[in-house]
Amino acid sequence: MPAIPLAKAPQPSFTNPAQLRNFCIIAHIDHGKSTLADRMLGITEVVDPRNMRAQYLDRMDIERERGITIKSQAVRLPWRSGLDNQEYVLNMIDTPGHVDFTYEVSRSLAACEGAVLLVDCAQGIEAQTLANLYLAMENNLTIIPVLNKIDLPAAQPEKFAEELAKLIGCQPEDCLRVSGKTGAGVTELLDQIVLQIPAPVGDANAPTRALIFDSVYDTYRGVVTYVRVIDGHLSTRDQIQMFSTGVRHEMLEVGVISPEPVVSKGLGVGEVGYVITGVKDVRQSRVGDTITTYNNPAKVALAGYKDPRPMVFSGLFPIDGADFPLLREALDKLQLNDAALVYEPESSAALGFGFRCGFLGLLHMEIVRERLERESNLTLISTAPNVVYSVTTGDGQLLTVTNPSEYPEGKIEKVEEPIVRATVLAPSEFIGTIMELCQERRGTLLGMDYLSEDRVEIRYTLPLAEIVFDFFDQLKSRTRGYASLDYEPIGTAEGDLVKVDILLQGEKVDAFSAIVHKDKAYAYGTMMTGKLRELIPRQQFEIPIQAAIGGRIIARESIRAIRKDVLAKCYGGDISRKRKLLEKQKEGKKRMKMVGRVEVPQEAFVAALTTDADIDKAKAKAKERE
Amino acid sequence: MNTLAFYVHIPYCVRRCGYCDFNTYTPGELSITNDFSVTSRSYIDLLLREIEYAREVSTAAIVPSIFFGGGTPTLMESKDLGRVIASISSNFELATDAEITTEANPDTVTEENLNELRAAGFNRISFGMQSAVPHVLAALDRTHNPENVLKATTWAREAGFAEVSVDLIYGTAGESMADWEQTLDTALSLPISHISAYALIVESGTKLGAQVKRGDVIMPDDDQTADKYLLADDKFTAAGFNWYELSNWSKPGSECRHNIAYWKGENWWGAGAGAHSHIDGRRFWNVKHPAAYTQKVIEAGNPMQDQEILTLEEARSEEIMLQIRLASGIPLSELSPKERSSLPGFLAGGYLLGSAWERGSLVLSQSGRLIADRIVREILV
C-alpha cells in the first residue's frame, strides 16, 4: 500500500528536501483537474473516504458551481513510491485556470519544480492551458503530459498525445493516460511525479526567503498566506517581515494543508504551507511578495513581484439607490480577499451613486459582480466595461482615463490604449472566420502554427478594448464553441480614438458614453441610438436621441410623442380597478430614472448596456408596465 | 335630502361577444332551458329584495336617475323592468324629472317592446350600435343588421323616448379609417341626442384577448386609434354634439346625468349580480355569478361580496382621475402646488385648453383627452 499514515509520514519542518516534490496541475476549466485532485486525495488516503466530497479543494460555492478554481491551495500528500519504495511528500499546488489570473498562476508555478499538464483527451488542449504551459516552460518546470478522461467513448488519446508531444518536445508515448473518474493510471502518475520532478534545492542556512503564492481572507482567522520556503526556515517563534511593504508581523501559526490545516512547528527548505499573522486584509500579504525574518532578513527579494494592475473598468450601481451603503460594505468585504479589486465611489446622473471598479479582466469582473449580488443580496447594474486610456491633451497635459466621463473636452493630442497579445486555438476550418473577426477588431496577425493536422494556434495583437467588447462571445459563436482564447497585456499603443456621447433631448447620458475607435464611432452611435429608441417608452413629447462626437452629431433617432394613453371607459364598476391600475403605474413611474424631462425605465439602462437577449426581456417588462 | 342614483345590472345575454368582459352569462352557460320569462321573473324578484335591503341600510334619498345595464336588460320582460322602477320609486323618492335609462340591442327590440318600456317608465334608451360596417360588426361578434339601428332609433323616438343614444366602438382589428368615417356618418344621420364612442379595449380573459395574445388578431396601433378619436370628435362637434366626458358627446342638455354621477363621485347603489355601489367614500360590490347572487340574497339578504373604504389619498386620486375626464374639468384652485407642478408643461404642449386655464380651470384639450391617464399620473406622482 503506497499511502503513508499521516502520523508516520515525514513531518513538516523536518522533511529532507530530497524527499519533497512540489508540483501543480495545469488544465483547462472542464478538463478534470478537480476530479483528479480528489482522486489523489483518496489514493494517498489524506482524506477519509467517509469525508470525501466532489471538488474537495474548491472552497467557495461559486467555484464549485462554475467549475472554476479561483483561489489556489496547496495540499501535502505523503506517498511511498511504488518504484523505489521510499517515502516522499508531494505538495500539490492548485492553480487558477483562467486568463485573468495569469499573475497568480505564474506565482503558483514559481513555487513548483514540476507541472502535470492535464488535457481532456476528448477535447485537446485549450488556449488558456497552452498559455499556462508556456509560463511553466519559461519557469523551467518539468512537464509531465497527462491525458485525462481515457474512459470516455469520445476519447482520442493517440491524436492528442501527438499534439502534446509536439508542444512540449517529447514522444507521444511519454504521455500518461489516466481517468480521474475511475482512478485508472493515477497511482502511476504519483510515482512518475516522484521520479521525474526534481526535488527542491535551497540553502537551509541562508536568511529565510519564502514566496507568497496565495493569500486568502478567512472570517475567523484573518488572512491565511500560502508560502513556499526557498531558503532558510520559517517557524512560529519568528517575527516576519514583508519585503514589499517592510511591515513586521508576529507569526501566530504555521502549518500545512493535508487537506485540512495541520499546525506544525515550522516549514523548512522546499516546503509548502501556510502562515497566519493576524493581518486582516490580503493587500498586506500580497501574492508574489517575499517573506523574510525580522531578525535575520534576506538582502534580496525573490524575483517576480508585481502589483496587480486592473485592466478593465466598469461602474457598478445598485438598482435600488438605497442599497448604496450595502454595496460599499460588500465591496469592502470582498477586497479583504481580493487584492486585485479596486474601486472608488462614482456618481452618474442616470444611475445614481455607485462605484467605479477595476478588474483584472472580464472573468474577474463577472465573478466579483456575481459574488456581490449573491453574498450581499444586491441587484446591480454594471456599465459597459472599458479599459484605461492615457490621453494627452492639446496643451500637453497627460490624463489617465478609466471612465468615459473623465475624457477631456477640447483638443486631444493623442490617446494610448492597452494592447494584448492574443492566442486563439481552434480547428483549422475556422482560420478564415477567426482572422476576419480579429481583423474587424483592429488586430495584427503575429503568426500561426498547426498544433496537429486540423488544429491551429493563431496569434494576434489586439487592443484590449476590442476584447473587452464581446470578442469572446463572438469568437465562440462564430466557431460554434470550438475556439479558445488567451491573452496577455504587452503594452500600449496610440489609437485613433474618440468619445461618443449619447444625448436624450439634448442631455448627455453619461452611462451610455463610450470611447471607441474613430472608424467604429458611427456604428456605436447608430447601435446605441437604435437600441434606446426601442427601449424608451413614448412620452408626451418627441424625444430626439443623438450620438455625438464633441459637438458633431453622428447618428440620430427619435421617439415620437405618445398620442394615446387613456382608457376609454370608466363607469361605476371600473373605478376601483382603474384606481388600482393607476397606483401601480405610479409605483412604476417612481422607478423611472429622469434624464432631463425624459423618463427612462431602469430596464432600458440595463438592456442598453448588455446583450440583445436582455433587451427582449426589458421590452417585455416595459410593455407589462404600459 | 341626499341623492342616491341606482344602477341595475342584468347579467344575461343571448350570446357573448368576443371582446366583452362584462359580468354577463348566456342561457347556455347557465343551463337555462325553460322559457326565459321564468328566469326574468325570478331574477327581478331578487332585485326587489336587494332594493328593500338598500332602503333598510340607507337614509331617505331622492333618486335622480336609474340606469339598467348589462348584459342585455331588454332580455327581461318590460313589465319586469317596470317592477324594479316601481320598487325604487316606493322605497325611495323618485325625482319628478328622473332620468331612467336602459341599454338595448338594436337587433332584438320591437316597436311593441319600446312602447312597453316607455309605459314602464323609461325615458332614455341607449343602443349598442358599435359600427355601421358589417365586417367590423362581424369582427366584434355582433350579429345585427346595421339598418336595424335606424329602425330602432326611429321607433324609440316615436314611442316618446326623450333621449336616444348610441354606443360606438372604434379600433377594431381590420377597421379602416374609411370604415370608421362611415360609422360616424351613419350615426350622425340617426334621430339621436347622445353618442358614446369607445376605443376597443382588449381585456385579458376574453376571446379577443386570447386571439391577440396568440397573434391571431393584430390590433391597430394606438396612433391610428388616436386619429379615429380626433375624427369622431371633429365630426360630432360639427354636428352639434359636444363632448362632456372623454368618450361621451351630446346635444346641449342631453348629457347622461346618471353617468355624470359616477364621475362626480355622487352616491349610487348598484343592484344585481356583480354590481358596484358607492356611498360616501365607501365602495362595495356584489357577488358576480347569478347563482351566487341568488343564494346570497335569499340566505343573507345581502349580496355584498366585499367593500373598501377609501383613504383620503385614494379618494383624492379618484376625484382627479374621474373629473379630469369631464369637460367641466377641475378648478385649479382645488389643486395643491405639487399637483399643479407638471401642468405648465402640458399647457405648453397644447394638452390643456388655454381658455379654460385662463379662467382658472384644468380642462383637457382634444389631444390632452387622448393622454388623460398620463396627465393624471403626472399630477398624482
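How many of the 381 residues of chain B count as buried? The share is 44%, where buried means that 20 or more other C-beta atoms, placed from the backbone, lie within 10 Å of a residue's own; with 12 or fewer the residue is exposed, and in between it is partly exposed.

**Before you start**

This is a predicted model, in which local features need pLDDT of at least 70 and side-chain atom pairs count only at pLDDT 80 or more, while totals for chains, interfaces and linings use all residues. Residues are numbered from 1 along each chain as its sequence is written, and chains are lettered from A and ligands numbered from 1 in the order in which they are written.

**Stop 1: confidence in chain A**

The average for chain A is 87, and 94% of the residues score at least 70. Now select residues 66-70 of chain A, where the pLDDT is below 50. Beyond near neighbours in sequence, this stretch has 15 contacts in the model; a contact means that two C-beta atoms, placed from the backbone, lie within 7 Å. Residues 611-618 of chain A also stay under 50, with 11 contacts beyond four places in sequence.

**Stop 2: an open sheet**

Helices (H or I, at least four residues) and strands (E, at least two) are DSSP runs, numbered from the N terminus. Show β1 to β6 of chain A: six strands form an open sheet in the order β2-β3-β1-β4-β5-β6, with mixed pairing. Strands count as paired if DSSP finds at least two bridges between them. At the edges are β2 (74-80) and β6 (176-177) of chain A, each pairing on one side only. Zoom in on β5 (residues 142-148) of chain A, which runs parallel to β6(A) and is joined to it by two bridges. Here Val146(A) stands opposite Leu176(A).

**Stop 3: two crossing helices**

Select α1 (residues 33-43) and α6 (residues 186-196) of chain A, whose axes come within 10 Å and cross at roughly 85 degrees. That makes α1(A) roughly perpendicular to α6(A), a label for angles of 65 to 115 degrees. Show side chains: Leu36(A), Arg39(A), Met40(A) and Ile43(A) in α1(A) meet Val186(A), Thr187(A) and Leu190(A) in α6(A). By class, this contact has five nonpolar, one polar and one charged residues. Ala, Val, Leu, Ile, Met, Phe, Trp, Tyr, Cys and Pro count as nonpolar, Asp, Glu, Lys and Arg as charged, and the others, Gly among them, as polar.

**Stop 4**

Move to β18 (residues 342-348) and β19 (residues 352-359) of chain A, an antiparallel pair with seven bridges. Find Glu346(A), whose bridge partner is Gly354(A).

**Stop 5: where the chains meet**

Select Lys569(A), in the loop between β31 (552-559) and α13 (575-590) of chain A. Is Lys569(A) buried or partly exposed? Lys569(A) is partly exposed because 13 other C-beta atoms lie within 10 Å. Beyond four places in sequence, Lys569(A) touches Asp574(A), Tyr198(B), Ile201(B) and Ser247(B).

Widen the view: the contact takes 23 residues from chain A and 36 residues from chain B. The chain A side has nine nonpolar, five polar and nine charged residues. Finish on chain B, with its 16 helices and 15 strands.

Key. pLDDT = per-residue confidence, 0-100. Axes fitted to C-alpha atoms, helices over the stretch in contact; angles between N-to-C directions. Parallel < 35°, antiparallel > 145°, perpendicular 65-115°, else oblique.
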